[in-house]
Amino acid sequence: MTVRKTLADLDALVLAAGIWFLAKFLRYAFPPLFPAFSGEYEVSNAALGLAFTAMMLVYALLQFPSGALADRLGRVPVIAAGAVVAAAGALALSVDVSYLVLVAAMVLVGAGTGVHKTVAVGLLSATYPSRTGRSLGVLDTFGAFGGVVAPAAVLVLADAAGWHAVFLPAGLLGLALAAVFAARVDDPDRDETNSAEGTPVRAYLGLFRDARFSAFVLVTVGFSFAYNGVVAFLPLYLTDAANVSGGVASLLYSGLFLVSLVQPVTGELADRFSRIRVVAGTLALASVGLAALLLASAPLVVVAAGVVAFGLGSHGFRPVRGAYLLDIVPESMAGGGLGVVRTILMGAGALAPAVVGVLSEGVSYVAAFALLLGSLGIAAAVSFALAVSE
């Protein structure tokens, strides 16, 4: 096999991961700009929060439709179209606009990025059938680093040329990625999807009659609730409940995302061994890490180890989750089936910060994180039951 052919085989992975990196970059570029938005448009934090919520709701609601559409029309055009829509939202913000246009552009970004992950998982699984876990690990790692890069890029570009400068290169890159993706990537299942007559919505809902499918949905919901609750409040928990200084808490919080580099490793393990057993192992590690954070007056080294273990388990779970779902969902319904699950798990994840916020104020942060541990523990226990009965 020539070097050129080998590189061409990576087109789908590199380009899909590049689009996912940009999607996460755009999503996480908005919160650091809230102070600038507030000053320029003279709007409250509540108004900005509602705008961000609208973006994320559109993102969540498009998971199932995009997957079902990909099952019918093909994955490549859906992914390329999503990148174009997200790029259009970014480019709209590269010039002076009103607050209403800002909100509309954020919704466009939510819509464009919302069609990517569900469809990309199916595409990479079909393109790299023997390396599905590894390819999904690379995809998720690229996305994680999009969130890491965004705050730094906002700081540099906004200070140098104003916040509009953040979105012009992002929008142009999005258009370029969409064009190259459409031109260079082939869908191995293109003939089957293009000839399909479509799958009724009730058929996707019928997936829940499968006990293993429903049980794994419970696993994903339990994990998503716990992970989103921890991510939203970990810095405050560390400073208020674990007696960690603000600087150290910020460092540990960064470390939580840095360990996302484990994703290709767990993806590789999922390709070589039982995927559900890798799922059970990663969730067990995350549960142990979260439990360590709840130890009363634990030394800093124990707290740090808990954060690292929780991060390794949580990030390690992500690529294997998608790979296992594709194992238990019929191929003809892979896109829509994965979309249904992602809509449910993201809905559960969206509730977690609100629940933790209320419980931490009404009772304590320890009680709130104990609830999250319970949710994660249930997910780990169910995954172990699935692994044993495999």
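**Exercise 1. Find out in which helix Asp140 has its place, and whether Asp140 is buried or exposed.**

*Step 1.* Asp140 has its place in helix H9. Helices here are DSSP runs of H or I with at least four residues, while strands are runs of E with at least two, and both are numbered from the N terminus.

*Step 2.* The relative accessible area of Asp140 is 6%, so Asp140 is buried. The cut-offs are as follows: buried is under 20% relative accessible area, exposed is over 50%, and partly exposed is in between, with a 1.4 Å probe and protein chains only.

*Step 3.* Now look for partners of Asp140. Setting aside neighbours within four places in sequence, Asp140 is in contact with Trp20, Lys117, Gln263, Arg318 and Pro319. Contact means heavy atoms within 4.5 Å.

A word on what you are looking at: this is a predicted model, in which local features need pLDDT of at least 70 and side-chain atom pairs count only at pLDDT 80 or more, while totals for chains, interfaces and linings use all residues. Residues are numbered from 1 along each chain as its sequence is written, and side-chain values use heavy atoms, with hydrogens and water left out.

**Exercise 2. Work out how H9 and H15 pack, and which residues make the contact.**

*Step 1.* Two packed helices are described by the angle between their axes and the distance between the axes. For H9 (residues 132-161) and H15 (residues 263-272), the angle is about 165 degrees and the axes are 6 Å apart. The axes are lines fitted to C-alpha atoms, for helices over the stretch in contact, and angles run from 0 to 180 degrees between N-to-C directions.

*Step 2.* This makes H9 roughly antiparallel to H15. Angles under 35 degrees count as roughly parallel, over 145 as roughly antiparallel, 65 to 115 as roughly perpendicular, and the rest as oblique.

*Step 3.* H9 and H15 make a right-handed crossing. A crossing is left-handed if the near helix is turned anticlockwise from the far one by less than a right angle, and right-handed if clockwise.

*Step 4.* On the H9 side, the contact is made by Thr132, Gly133, Arg134, Gly137, Val138, Asp140 and Thr141, and on the H15 side by Gln263, Pro264, Gly267, Glu268 and Asp271.

**Exercise 3. Describe the ring pair of Phe37 and Tyr41.**

*Step 1.* The structure holds 10 aromatic pairs. In one of them, the ring centres of Phe37 and Tyr41 are 6.5 Å apart and the planes stand at 50 degrees, so the pair is tilted. Rings of Phe, Tyr and Trp (its six-membered ring) pair if their centres lie within 6.5 Å; planes under 30 degrees apart count as stacked, over 60 as edge-to-face and the rest as tilted.

*Step 2.* Phe37 and Tyr41 are 4 residues apart in helix H3 (residues 34-41), so about one helical turn separates them.

*Step 3.* Phe37 counts as buried at 0% relative accessibility, and Tyr41 counts as buried at 15%.

*Step 4.* Phe30, Phe37, Tyr41, Tyr99, Trp163 and Phe167 form one aromatic cluster.

**Exercise 4. Find what sits over the rings of Tyr59 and Tyr227.**

*Step 1.* Over the ring of Tyr59 sits the charged end of Arg27, 4.3 Å from the ring centre. The rule is that NZ of Lys or CZ of Arg is within 6 Å of the ring centre and within 35 degrees of the ring normal.

*Step 2.* Over the ring of Tyr227 sits the charged end of Arg318, 4.5 Å from the ring centre.
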